[in-house]
Amino acid sequence: MADEMQSRTIHAAAIRERAEAAMKAMGVDDAFISTLVDTFYARVLAHPELGPIFDARLSGRWPEHMEKMKSFWSAVAFRSGAYGGKPVQAHLGVANLTPELFPKWLELFAATLDDIAPNDEAKAWFMETAERIARSLTLSLFYNPALDDPALVPGANASASARKV
């Protein structure tokens, strides 16, 4: 058991070292992540649709949220395992949050990366990661399996019955 724990620790350290080296090669460090988060959320707040939703949810808690997002992106980029939040639970019940807002979130993120990413490789890495996060959150928050089964879609049986007549 002790050997297995030591092996896991060594494996996790190797993953972190590779991630840190990859990020360094792309010019990504904690200062970049801090600028990314600060710049992006300033744009979110200024956005006519996203701003009110975020501000209503985070009113009085913006500094904590910003630190949490910096910790999140740092943990993702450097594979540190330091972030312990629960993103899906944090987004459950957010007033006026719809799946249609996620592409707008991604557009702002892409524009932010266009302006501040140190190079195309860093931009691509962060954008691909943000797209995976957006897909995951959208599926977790809004997926309805009934929509994948035409027999369960309201009105589908009525249409089929009408065709048989």
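1. T112 lies in helix α6, where helices (H or I, at least four residues) and strands (E, at least two) are DSSP runs numbered from the N terminus. With a relative accessibility of 0%, T112 counts as buried, the classes being buried under 20% relative accessible area, exposed over 50% and partly exposed in between (1.4 Å probe, protein chains only). Not counting residues up to four places away in sequence, T112 touches L36, T39, F40, R43 and A117, contact meaning heavy atoms within 4.5 Å. The C-alpha atoms of T112 and Y41 are separated by 9.6 Å, although the two residues are 71 residues apart along the chain.

2. Two remarks on the basis of these values are in order. This is a predicted model, in which local features need pLDDT of at least 70 and side-chain atom pairs count only at pLDDT 80 or more, while totals for chains, interfaces and linings use all residues. Residues are numbered from 1 along each chain as its sequence is written, and side-chain values use heavy atoms, with hydrogens and water left out.

3. Helix α2 (residues 30-46) and α6 pack at an angle of about 135 degrees, with their axes 9 Å apart; axes are lines fitted to C-alpha atoms, for helices over the stretch in contact, and angles run from 0 to 180 degrees between N-to-C directions. That angle makes α2 oblique to α6, since angles under 35 degrees count as roughly parallel, over 145 as roughly antiparallel, 65 to 115 as roughly perpendicular and the rest as oblique. On the α2 side the contact is made by F32, T35, L36, T39, F40, R43 and V44, and on the α6 side by W105, L108, F109, A111, T112, L113, D115 and I116. By class, the residues of the contact of α2 with α6 divide into ten nonpolar, three polar and two charged, where Ala, Val, Leu, Ile, Met, Phe, Trp, Tyr, Cys and Pro count as nonpolar, Asp, Glu, Lys and Arg as charged, and the others, Gly among them, as polar.

4. Helix α6 (residues 101-116) also packs with helix α3 (residues 50-58), at an angle of about 95 degrees and with the axes 11 Å apart, which makes α3 roughly perpendicular to α6. The residues involved are L50, I53 and F54 of α3 and L101, K104, W105 and L108 of α6. Six of the residues in this contact of α3 with α6 are nonpolar, none is polar and one is charged.

5. A further packing pair is formed by helix α4 (residues 62-78) and helix α7 (residues 120-142), at an angle of about 115 degrees and with their axes 12 Å apart. The two helices, α4 and α7, are therefore roughly perpendicular to each other. In α4, F72, W73, V76 and A77 meet W125, F126, T129, A130 and I133 in α7. The contact of α4 with α7 comprises eight nonpolar residues, one polar and no charged.

6. S74 lies in helix α4 and, at 17% relative accessibility, counts as buried. Leaving aside its neighbours within four places in sequence, S74 is in contact with D30, I33 and R79. R79 is found in the loop between α4 and α5 (87-91), is partly exposed with a relative accessible area of 41%, and has a phi near 50 degrees, a positive value in a residue other than glycine.

7. S80 is found in that loop between α4 and α5 as well, and its relative accessibility of 31% makes it partly exposed. Not counting residues up to four places away in sequence, S80 touches R16 and A75. From C-alpha to C-alpha, S80 and E17 are 9.2 Å apart in space and 63 residues apart in sequence.

8. How many helices and strands does the protein have? There are eight helices and zero strands. Buried residues make up 30% of the 165 residues in the protein. Among contacts in the protein with a separation of 6 or more, 76% are accounted for by residues 24 or more positions apart.
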